[in-house]
Each structure stands twice: as structure tokens, then as C-alpha cells.
Amino acid sequence: MSSTTDVAESVLTDGYYCEIPSDPCAIVMFGASGDLAKRKLLPALFDLAIHSCLAPRFRVVGFARTEMSDDKFRAAADEALPKKGGDDKRADFLKHLEYFTGNYDEPESYARLEKHLDEIDQQGQLGGNRLYYLSTPPDVYTHVIEQLGKSGLAKPKSKDSWTRIIIEKPFGHDGPSACQLNAKVLQVFDEAQVYRIDHYLGKETVQNLLVFRFGNGIFEPLWNRNYIDSVQITASESLGVERRAAFYESAGALRDMIQSHVLQLTSIVAMESPATFGANSVRNEKIKILQSIRPFTPESIAKTVVRGQYGPGKIGGKDVAGYRQEPGVNPDSATETFVALKLLVDNWRWSGVPFFLRTGKRLARPATEIAIQFKKAPHMVFQGSDVQPNSLVMNIQPDEGISLSFGAKAPGSQMQIRPVKMDFEYKQAFSSGSREAYATLINDCIRGDATLFDRADSVEAAWGLVDPILQAFRNAKPSSFPNYAAGSSGPQAAQDLVAAEGRAWRPL
């Protein structure tokens, strides 16, 4: 995503461009013994290393409360890394890993950390560059940030070095808590140092949406209320809550998905062309969309927002439990596992175009997609033919790509029109496919490109949109949970929501 001016070298290997950043650095991974570090962060760093996207001089310092030796941490990392690929560089990557035991709220731990970072900075000639990654539970964030500030570790070592911090979602649990966290962060770090990560923005198709819109002359003229009938954004999962019951009970689908991932996709779909393709210009246009979305009121929430919770059903032909039967879930839980809503963007481009958003767990299939439904042809000259309107679908996961549907004449003497598709798939077009999202975002942060990261005002604007819905959920407990079976397309009320507009959801 970064501009070539920051890149020392760029070559295409294994299906994507490898970028060699100019700066070595130390990467301090807070919460290094946790699940996120094992599943995502260490594999992402390994991916960057084997494709020469990390500078040759780097160190990864795992910081956590759990007692662990360097060798044990390296063994755990080795187990977490992909079993295939990069075998010749595996041992070298693991040599760059070390472990540091400390308490997140203990000043003495940060004094020892500062001494240790100074030592490895001299040994490895890292130039004083440091990246902190908060992969801890959210309730630990403020402890780490406060101690980094008090210890002086938040400030760059010199005028020629840099210090940055990546903060994982959730960034607050509502508007006031997000504002408080932003205030705490900005007491210690400058905004330019802060990278609030949403891994959805690192996916190739999300980035390609920007290229698709602003790099091709044939689509942008159609990207408005004159030609587009509606927009659907779906983020569905076939999985249940898995081992995240404690988190999910306090979050729910609205906080977990709509406030972050789905509103991010909405802002990219709807934004105006930025003046330049830089972090400030892109993020300025995104925040304008969030500020243009018509605010929700108790009256509009009752008509345009649907929530659901899955009950027992079948996934892949196997019986699965309902949400209330999942381990760690309150048997009378009112937590939503599904949300569908309609929103309107009150600006010149999108006036009157409904955006339908939905997300849910234990749905028929996993799919994250953006579907642009174009208007029907104004006059149908082909009598007797049911010509479907054109649609453009951006598939974000599991199979990244773009599909465009249009009408074509079927073979034969009759003028019969059938919908056909033109498909573009990343794996076919670019050999091994796209880079993993976390690898893209970590690389961007190391290189100082904040384009794909959230800004403080954007986070607060997104919470401002969903806070009234959260309040409505608290005020009126659902009486019909569970209201959709696992393996279905969600509650009937979601189908009714779009049917009332004369439309239908794309099938799952």
C-alpha cells in the first residue's frame, strides 16, 4: 500500500511485490504469549522476513507476564509458523526472536525493558527505531501506554529515529470509552505515531477497491445515485463464538463487526476521490462519509435495525449448539450474534441510495463481500425477457476477487437473455495470491504509511453512529431470542427489512 518513494527495492516474487524498507527496528510485542501473537503476528512477521520485506537488521522482543526463556519462545514461535515455505530462512528468523518477562503496570519492568532495548539497539545497529504492538486484552492497553510514557520509551531516541505503536481493536466499547482511550494515548504519543489497526483494511480486495474506483475511468462515472440502486455489505461467518465467549458476551455483533470492519468498508465504498493517495488525504475522505451518515434515532432504529441470536441448527450437515448453549455463555443471554441495518449517506453522491449492512455468526456460509446493485435499464426493448440489473461484487473473503454480472443473449433463435459473469480472482491472476492482511499492515507501519489505519476522529465518529443502537438494545431486551437457526441466512426480520424496500439480500 506504501508509496515507492519509501521503498529501497521492489520486486515481484511468489505472487506479490516484496518491499525492502529502509529502516531496521526493534519490534516489541506486548502480549506475546497470547493467541493473537501465535495465530497472526508471528506468522505475519515471518512472511515479511522470507520475502525480504523486513530490513536484515531487526529484533522481535516478546513481552508478557508468563515466565518463558528465549529458547522456549522460539520453539513456540516455530510451532506457530507455517509448516511450508521459507524453510531456508526459518532458523535465521527465529534467531531474531527473544523473550522478556514483565508486568504491564510495573515501572521496574519498563526500566529493564529500556535497558534491554538499548543493548540490542547497539548490538544490532537498529538505529533506535522501535515499534510497539499491543496484542494484549483491551483492559491492559492503558497500563502499557502509561508506563511507556512514564519510562520515556514513547519518545524517539533521536531526531533520526522513530517510535510507533500499533493498537488492536476493540478501541473502546462505546463512544465515551473510545474518547477516553484516545485522550490517554495522545497524552503519551503524537497522532502520527499511533496506528489503530483493523485487519480488514489489509486485505487485497479492500485495497483494490480504491484502485478499482480511482484507477479505472469506466467505473467512477457510474459510482453515484444516478446509476446505483443500492449497496449491500455482508460479513457472515459459519463459525460460532469458539473460545471467545467471555469477550463476545460483553461485545456482541454490533460492537465486534459493525462499528469497526463493516463501517470501514462502507466508508471506502462511498468516499470521494482523495486529493493524493496519502494517509491524510484518504482518511480525510473516509471521515467525511462517517459524518454524512444519517444519525440513528429511536424511531429509525425500530424500523431499520434488526438483531438476532442463533439457536441450534446444522452446519455442514452436523448438528451445532445454539449460542446460549455455548460454553461460557449465559443461558439467558441477550447478546446479539446477528445485526442487519439500513443506513443512508446524506451527501450529493449518495442521496437516496440505501446501504444495507449485515453481519452474523453461524450463518449458511462464511463470506465477506461488497455488492453494488445498479439500476435497471430505463426502457426494456426486449419484450418477454426478464433482464436482471447489473451487479458488481467485491469478494473479500474467503476467495478474494471481483465479479461483474450483465445480460447476454442465450444461444438459439429466440431473444432470450441470461445473466452471465466476468470473474477476476487473485489466486489466478497473481500466482500464489495475496499477502496476509497482518503482514501488509505491519509492513506499512514499519515504513510509516498510515493510509490503512484508523485515526482518532474516525474511531469516535464510528462509535457515535452505533452508540444510539447500543442504547436501544439495552433499553429493550429481545423477547424472541434465539430467532434464527444455525446454518440459515439469519432472522426473518432481516429479510423483511430489505423486502420492504422492494429488494432482497444476496443469497448466502
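View 1. Strand β7 (residues 163–167) and β8 pair in the parallel sense over three bridges, where two strands count as paired if DSSP finds at least two bridges between them. Helices (H or I, at least four residues) and strands (E, at least two) are DSSP runs numbered from the N terminus. Because the model is predicted, local features need pLDDT of at least 70 and side-chain atom pairs count only at pLDDT 80 or more, whereas totals for chains, interfaces and linings use all residues. Residues are numbered from 1 along each chain as its sequence is written, and side-chain values use heavy atoms, with hydrogens and water left out.

**View 2. The open sheet that holds β7 and β8 has six strands with parallel pairing.** The strand order is β5-β4-β3-β6-β7-β8. β5 (97–101) and β8 (194–196) stand at the edges with a single partner strand each, so one side of each lacks a neighbour in the sheet. Neighbouring strands are turned by 20° against each other on average, direction ignored; axes are lines fitted to C-alpha atoms, for helices over the stretch in contact, and angles run from 0 to 180 degrees between N-to-C directions. Helix α4 (residues 107–124) lies across β3 (25–30), β4 (58–64), β5 and β6 (130–134), and runs at about 165° to β4, contact meaning heavy atoms within 4.5 Å.

**View 3. Tyr195 and Phe453 form an aromatic pair.** Rings of Phe, Tyr and Trp (its six-membered ring) pair if their centres lie within 6.5 Å, with planes under 30 degrees apart counted as stacked, over 60 as edge-to-face and the rest as tilted. By this rule there are 18 aromatic pairs. The ring centres of Tyr195 and Phe453 are 5.0 Å apart and their planes stand at 85°, so the pair is edge-to-face. Because Tyr195 lies in strand β8 and Phe453 in the loop between α12 (437–446) and α13 (456–475), the pair ties together parts that are 258 residues apart in sequence.

**View 4. A second open sheet has eight strands with mixed pairing.** The order is β10-β14-β15-β9-β16-β17-β18-β19, and the edge strands, β10 (305–308) and β19 (417–425), each pair on one side only. The twist averages 15° from one strand to the next. Strands β9 (residues 228–236) and β15 (residues 354–360) run parallel and are joined by six bridges, with Leu357 in β15 as the bridge partner of Ile233.
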